[in-house]
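Try each task before you read its solution.

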Amino acid sequence: MTDDSRRARPVILGQNQYGKAENRVVKITRDGDTHHIKDLNVSVALSGDLDDVHYSGSNANCLPTDTTKNTCFAFAKEYGIESAEQYGIHLARHFVDSQPSIHRARIRIEEYAWERITASDANSQFIGADEVKHSFVRKGQEIRVAQITYDGTHFEVLSGLKDLTVMNSTNSEFWGYIKDKYTTLKEDYDRILATSLSTWWRHNWTSDEQRMPNWEKSYDQAKKHILQAFVETYSLSLQQTLYQMGTRVLNNRGEIDEIRFSAPNKHHFRQDLSFCGLDNDAKDGAVYYAADRPYGLIEATILREGTEARIPVDMTNL
């Protein structure tokens, strides 16, 4: 093919979307003296009849990204934030149903949790109240995530979490693996298993014709079953543990059809103390060093038999 023939081939527009990313929406709800916080990071992506804005620069079908930002804040005030999922559903429906040129909306949300700070036992009355109910500390356990996609007919609701760091200090082994001339890792029959979980799960609710899940309860219960499976699995591999986590969620939460995990192995290696004549066996209470890089990255999708895997692999992996 000559350079001239390559230049003559037509160029067309592929997938495209636009919106305002990372809108920090913080909603305070006052119930008398008791306050409640919803702290969200909201990203909007819209797609539809947008060829002309790319080809000719015509903005006739383009809802400004500044408008999408304003809508995020206005909806939080007008309708409140019952849950990240409900708020995202409301936004996605609005952008598609109110704009003929927009055919698909994706709302991606991170939620940062806060917990109430209780007053001291002495409870000094420095503000004239019987109990302080408006002071909070950021919870650092994990970041809750949600993604809602709407095409004018059907919703897809993904929920999940990231940066949930967990550890079992025993009941984990790793042995029987392939060994070749490059293998230096020693088999371990009593090791620390630690990871920082990122996970998404897909709900089977897709339209208003179905009964909508209780999103807050669904999240809390899914997280509970993930953690219980981590505790109760005697692990011979992190892969086995992930499968047990996913199985526990699907067996107990009928509204969830698919779950995907990404689990970086937070390695803890027993420090060699033989240089000073000390044994360092796990059974005696070992000393470890924690290695943050490089790390094994274990990923898996678990889904109900007969369902289709829809959570993109690149939502959790490197």
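**Exercise 1.** Which side chain meets that of Glu142 in a salt bridge?

Some ground rules before the solution: this is a predicted model, where local features need pLDDT of at least 70 and side-chain atom pairs count only at pLDDT 80 or more, while totals for chains, interfaces and linings use all residues. Residues are numbered from 1 along each chain as its sequence is written, and side-chain values use heavy atoms, with hydrogens and water left out.

*Solution.* Step one is the criterion: a salt bridge is a side-chain nitrogen of Lys or Arg within 4 Å of a carboxyl oxygen of Asp or Glu. Step two is the partner: Lys223, with an N to O distance of 3.0 Å. Glu142 sits in the loop between strand E5 (136-138) and E6, and Lys223 sits in helix H5, so the pair ties together parts that are 81 residues apart in sequence. Helices (H or I, at least four residues) and strands (E, at least two) are DSSP runs, numbered from the N terminus. Finally, check burial, where buried means under 20% relative accessible area, exposed over 50%, and partly exposed in between (1.4 Å probe, protein chains only). Glu142 and Lys223 are both buried.

**Exercise 2.** Where in the chain are Glu85 and Arg144, and which network do they belong to?

*Solution.* Begin with the contact itself: Glu85 and Arg144 form a salt bridge at 2.8 Å, N to O. Glu85 is in helix H4 and Arg144 in strand E6, so to speak distant parts of the chain, 59 residues apart. Both Glu85 and Arg144 are buried. Then follow the shared partners: salt bridges join Lys38, Glu85, Glu111, Arg144 and Glu216 into one network. The count for the whole model comes to 19 salt bridges.

**Exercise 3.** Are Arg304 and Asp257 buried or partly exposed?

*Solution.* First, the link: the closest N and O atoms of the salt bridge between Arg304 and Asp257 are 3.1 Å apart. Arg304 belongs to the segment after E12 and Asp257 to strand E9, 47 residues apart. Now apply the cut-offs. Arg304 has a relative accessible area of 26%, so it is partly exposed. Asp257 has 13%, so it is buried.

**Exercise 4.** What is the strand order of the open sheet of eight strands?

*Solution.* Take the pairing rule first: two strands pair if DSSP finds at least two bridges between them. That gives E1-E2-E3-E6-E7-E8-E9-E12, with antiparallel pairing. The edges are E1 (23-31) and E12 (297-303), each pairing on one side only. Neighbouring strands are turned by 20° against each other on average, direction ignored. For the angles, axes are lines fitted to C-alpha atoms, for helices over the stretch in contact, and angles run from 0 to 180 degrees between N-to-C directions.

Next, look at individual pairs:

- E7 (residues 155-168) and E8 pair over nine antiparallel bridges, and Met167 stands opposite Ala194 in E8.
- E8 and E9 (residues 256-264) run antiparallel and share six bridges, with Trp200 partnered by Arg260 in E9.
- E3 (residues 102-112) and E6 (residues 143-150) are antiparallel over seven bridges, and Ile107 stands opposite Ile148 in E6.

**Exercise 5.** Why is strand E8 called largely enclosed by the rest of the structure?

*Solution.* Count burial along residues 193-203: 10 of the 11 residues of E8 are buried, so the strand is largely enclosed. Helix H5 (residues 215-232) lies across E2 (34-48), E6, E7, E8 and E9, at about 35° to E7. Helix H6 (residues 238-252) packs on the sheet and touches E8, E9 and E12, its direction making about 155° with that of E9.

How values were computed:
Contact means heavy atoms within 4.5 Å.
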